[in-house]
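Please keep the model in view while reading.

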Amino acid sequence: MAARRSPPRARARERPRAPAAGNEQAHSWTVATSQAFEAAWRVARGSLMLAVSFLMAALCSVRRLHGYLGHRLKWWIGYLQRKFKRNLSVEAEVDLLSYCARAWRAETPRARLMRKACEELFWRRHIQCVRRVRRDHYDALRSVLFQVLSQGLALPSWMKDKDIVKLPEKLLFSQGCNWIQQYSFGPEKYTGSNVFGKLRKCVELLKTQWSDFSAIRDAHKRASMCNILFSDALLEYKLYEAVKFIMLYQVTEVHEQMKMKKVVPTLFKLLFSRETSADPLSFMMNHLNSIGDTCGLEQIDMFVLGYTLEVKIKVFRLFKFNSRDFEVCYPEEPLRDWPEISLLTEDDRHYHIPVF
């Protein structure tokens with residue numbers, strides 16, 4: 001007996017079942033793929049966020065480090081500039097008229113006289129600038145020695161002929177000047193038998209520095225070395241004491257010549273005519289020992305300094321403007337064709353360096 005056939009409507013309802021299974025399979029693949037992409041995206045996004053966080057942290061660290069290093073570098077630069085500026089005893093060049101306008105801006109007779117004197121130097125003497133020198137009791141020696149070294153002047157002829165390092169012992173043993181033990185190094189007082197060793201070191205330093213500077217032909221290099229030398233207070237101090245001592249040596253030598261009735265420069269006759277400097281000992285005790293401590297160089301001392309270093313020291317005295325003493329020279333009549341250096345003073349106590 002033949003099997004019964006399904007009605008058409010039943011067969012129609014059964015046909016979509018096969019495609020439905022395929023759709024479910026495609027849907028499952030889509031879901032799986034979507035989930036896979038979402039998982040991959042979450043991983044990638046997490047890695048990206050981690051990388052961005054790490055990069056931001058690194059940038060912040062670099063920025064903080066840069067700021068810290070910049071701050072420290074700025075601090076050190078400022079510290080070194082302040083230290084160098086504080087120790088530099090001869091300042092950089094400044095315009096003469098600008099300096100005068102600031103220093104003497106009052107409308108007093110003295111201030112007006114100073115301004116006129118500076119205008120005279122600027123327009124007729126061709127002094128364009130001035131280098132201010134530290135105001136202390138060494139400033140006259142500082143002003144002179146700075147120019148001697150910066151210009152590369154040669155050692156005085158008498159220093160070339162003698163070993164000046166041995167001068168302290170020579171005064172003691174050859175001329176019997178045992179009073180040298182009472183020599184004072186500026187603010188330092190009596191040093192006893194140690195004075196000879198200290199003087200020898202000072203004079204040796206002066207000879208070495210002077211010889212080194214005179215051998216340099218490059219003016220810019222000399223200027224740079226001068227800035228270094230005159231920013232070292234200890235070395236400066238030794239150089240000035242050496243100059244003081246060789247001034248004393250020259251005074252002692254000339255005094256011996258006077259006792260032997262030899263012809264000596266007139267300035268030394270004036271020096272020994274004073275009660276306070278009738279001989280080398282009184283000159284040292286009453287004048288030389290005080291230089292660098294309680295007073296600077298007097299005019300007669302400037303004569304001795306010029307004679308000792310074999311330089312003609314021309315000084316423009318601003319407070320003596322419109323008088324014959326506005327421009328003076330120490331010594332007035334150099335014995336030879338000595339090199340000339342110039343100073344500028346407002347009161348005969350403190351000196352500056354004019355720049356032509």
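The protein chain has 13 helices and six strands; helices (H or I, at least four residues) and strands (E, at least two) are DSSP runs, numbered from the N terminus. The model is predicted, and local features need pLDDT of at least 70, side-chain atom pairs count only at pLDDT 80 or more, and totals for chains, interfaces and linings use all residues. Residues are numbered from 1 along each chain as its sequence is written, and side-chain values use heavy atoms, with hydrogens and water left out.

Of the 356 residues in the protein chain, 42% are buried. Here buried means under 20% relative accessible area, exposed means over 50%, and partly exposed lies in between, with a 1.4 Å probe and protein chains only. The accessible surface of the protein chain is about 21,100 Å², and carbon and sulfur atoms account for 57% of that surface. These areas come from the Shrake-Rupley method with a 1.4 Å probe, and for residues only the protein chains shown count as cover. Contacts, defined as heavy atoms within 4.5 Å, also describe the chain as a whole: among those between residues at least 6 apart in sequence, 73% join residues at least 24 apart.

Helix packing may be considered next. Two packed helices are described by the angle between their axes and the distance between the axes. The axes are lines fitted to C-alpha atoms, for helices over the stretch in contact, and angles run from 0 to 180 degrees between N-to-C directions. Helix α3 (residues 96-103) and helix α4 (residues 109-123) have axes that come within 9 Å and cross at roughly 175°. Therefore α3 is roughly antiparallel to α4, given that angles under 35 degrees count as roughly parallel, over 145 as roughly antiparallel, 65 to 115 as roughly perpendicular and the rest as oblique. On the α3 side the contact involves L96, L97 and C100, which meet M114, R115, C118, E119, L121, F122 and W123 in α4. By class, the residues of this contact of α3 with α4 are eight nonpolar, no polar and two charged. In this classification Ala, Val, Leu, Ile, Met, Phe, Trp, Tyr, Cys and Pro count as nonpolar, Asp, Glu, Lys and Arg as charged, and the others, Gly among them, as polar.

A second pair has another geometry to examine. The axes of helix α5 (residues 139-150) and helix α10 (residues 233-259) come within 10 Å and cross at roughly 95°, so α5 is roughly perpendicular to α10. In α5, L141, R142 and L145 meet E236, L239, Y240, V243 and K244 of α10. This contact of α5 with α10 comprises five nonpolar, no polar and three charged residues.

Helix α13 (residues 299-309) is largely enclosed by the rest of the structure, because ten of its eleven residues are buried. The buried residues are I300, D301, M302, F303, V304, L305, G306, Y307, T308 and L309. Just after α13, E310 takes a positive phi of about 55°.

Most residues other than glycine have a negative phi, and most peptide bonds are trans. N322, in the loop between β3 (312-317) and β4, has a positive phi near 70° and is exposed at 66% relative accessibility. D348, in the loop between β5 and β6 (351-355), likewise has a positive phi of about 70°, but D348 is buried, with a relative accessible area of 17%. The peptide bond from Y330 to P331 is cis, with omega near -10°, and P331 lies in the loop between β4 and β5.

That loop, between β4 (327-330) and β5 (340-345), also holds E332, which is exposed at 61% relative accessibility. The C-alpha atoms of E332 and K312 are 7.9 Å apart, although the two residues are 20 residues apart along the chain. Within strand β5 itself lies S342, a buried residue with a relative accessible area of 6%. Leaving aside neighbours within four places in sequence, S342 is in contact with Q147, K314, F316, P354 and F356.

How many disulfides are there? With a disulfide taken as a pair of cysteine sulfur atoms within 2.5 Å, the count comes to zero. Among the cysteines, C129 is buried at 18% relative accessible area, and C202 is buried at 4% relative accessibility.
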